Amino acid sequence: MEAGYTAQLNLEEDFEQFYVQVFPMIRALVFRMVGLDSMEDVMQESFLRLWRARKNFRGEANPRSWMYRIALSAVMDHLRSKKKTPRYFEDSEKIPTDGNQAQVENHQLLFKAMATLTEDHRAILSLFYFQDLDLKAVSEVLSLPEGTVKSRLHYAKKALLERFERIGVRL
Amino acid sequence: MSDEIKRDDFLDTKLEKFLRENKGDLPPVSPEFKSKLYARVQAEEKEAMAETRPAISVPQMYSRRPEPIFFRRLSYISFISVFILITALSFYWHKTSLRQSAEQSLESSRIENYLIDSYSVVYENDQNPDNSTMPIK
């Protein structure tokens, strides 16, 4: 009984620590990749994968890149199974309203354009610009050479500019 | 050409600036998100514990089966014995059959010689009836 109680406490502590460490990273990545619709489901799946994998982490890779890689694999599995365009701002209550009106509009237009990009382009833009990873870290997350990441980033930006032109956004 | 590159660079810089400035805020998660997640983690941990626990006790595990090395050795020995036995038997059979065929051929050559000799004596007696002899055998 005593051992069970201690194990329960340890689990709670471990969970709390891990949650605090991982939550912001998972939320940011998952929201930008899948939108609001299935954000929480995918976040749960990503967290569980990270929880399971944490025992096997040997410290050889950068912990941040390692976490993003596992979370991104859950995101990609979800996107491949659903095959639908993410919806970011369907629910008006959930629209982030901080900042001035122009910023909110820009934010919404940006995600409208992002939603029409391919998963690979969305992933590379999210990691590089929104998660603030450098080229080396992005190449670790995607298991690609840095040169390939650079060229993919170039094509992703080009595709995003085209979408901006289509929906009438002027930079 | 250089104008196009300049334009691309310009747009690239503008886009980067736009992306960095418009990260926006992230939507909140539902209040029960964390508790739901914790329940799933707890269930996973319970399952993992059940998987690692042995299904039967250690003494039971050993008493269930006899020593496997003993059987392995026994099977090697029996295989080698059967192999030796078969080889010996086939060698013996081969030798016996060789001897038998040699004896048979010797016997047949003796009969043949006897018949030839008999015939030559009869032939000589026919030619010289006064000096008739019997084959000596």
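Analyst: Buried residues make up 3% of the 137 residues in chain B. This is a predicted model, and the predictor gives the complex an ipTM of 0.77 and a pTM of 0.62.

User: How many residues of chain A count as buried, as a percentage?

Analyst: In chain A, 31% of the 171 residues are counted as buried. The criterion is 20 or more other C-beta atoms within 10 Å of the residue's own.

User: What makes α4(B) lie largely in the open?

Analyst: The number of buried residues among the 60 of α4(B) is zero, so this helix lies largely in the open.

User: How do you know what span to expect for α4(B), and what span does the model give?

Analyst: The expected span is 1.5 Å times one less than the number of residues. For the 60 residues of α4(B), residues 68–127, the expectation is 88 Å, and the distance from first to last C-alpha is 89 Å, which is close to it.

User: What does the corresponding calculation give for α3(A)?

Analyst: Helix α3(A) has 20 residues and should therefore span 28 Å at 1.5 Å a residue; its end C-alpha atoms are 29 Å apart, in agreement with that value.

User: Which residues of α3(A) are buried?

Analyst: The buried residues of α3(A) are Trp66(A), Met67(A), Tyr68(A), Ile70(A), Ala71(A), Leu72(A), Ala74(A), Val75(A) and Leu79(A). Just after this helix, Lys83(A) takes a positive phi of about 55 degrees.

User: What makes a set of residues a nonpolar core, and which residues have the most contacts inside the largest one?

Analyst: The set must consist of buried residues of the nonpolar kinds Ala, Val, Leu, Ile, Met, Phe, Trp, Tyr and Cys, joined through C-beta atoms within 7 Å. The largest such core has 39 residues, and those with the most contacts inside it are Leu29(A), Val30(A), Ala71(A), Val75(A), Ile124(A) and Leu127(A). The elements giving two or more residues to this core include α1 (2–34) and α3 (63–82) of chain A, together with α2 of chain B. Its largest share, nine residues, comes from α3(A). In soluble globular proteins, nonpolar side chains tend to be buried together.

User: Which residues does Val75(A) contact, apart from its neighbours within four places in sequence?

Analyst: With those neighbours left aside, Val75(A) is in contact with Leu29(A), Val30(A), Met33(A), Val34(A), Val42(A) and Ser46(A). Across chain A, among contacts between residues at least 6 apart in sequence, 69% join residues at least 24 apart.

User: How do you know which class Ser143(A) belongs to?

Analyst: Ser143(A) has 8 C-beta neighbours inside 10 Å and therefore counts as exposed. Its place is the loop between α6 and α7 of chain A, and its phi is also positive, near 55 degrees.

User: Which class does Arg54(A) fall into, and why?

Analyst: Partly exposed residues have counts between the exposed limit of 12 and the buried limit of 20. Arg54(A) has 16 C-beta neighbours inside 10 Å, so it counts as partly exposed. Arg54(A) is found in the loop between α2 and α3 of chain A. Arg54(A) and Met67(A) are 13 residues apart in sequence and 9.0 Å apart in space, C-alpha to C-alpha.

User: How many residues does each chain bring to the contact between the chains?

Analyst: The contact takes 24 residues from chain B and 25 residues from chain A. On the side of chain B, the largest share, nine residues, comes from α2(B). The residues on that side divide into eleven nonpolar, four polar and nine charged.

Definitions and conventions: Residues are numbered from 1 along each chain as its sequence is written. Chains are lettered from A and ligands numbered from 1 in the order in which they are written. This is a predicted model: local features need pLDDT of at least 70, side-chain atom pairs count only at pLDDT 80 or more; totals for chains, interfaces and linings use all residues. Helices (H or I, at least four residues) and strands (E, at least two) are DSSP runs, numbered from the N terminus. Two residues are in contact if their C-beta atoms, placed from the backbone, lie within 7 Å. Ala, Val, Leu, Ile, Met, Phe, Trp, Tyr, Cys and Pro count as nonpolar, Asp, Glu, Lys and Arg as charged, and the others, Gly among them, as polar.
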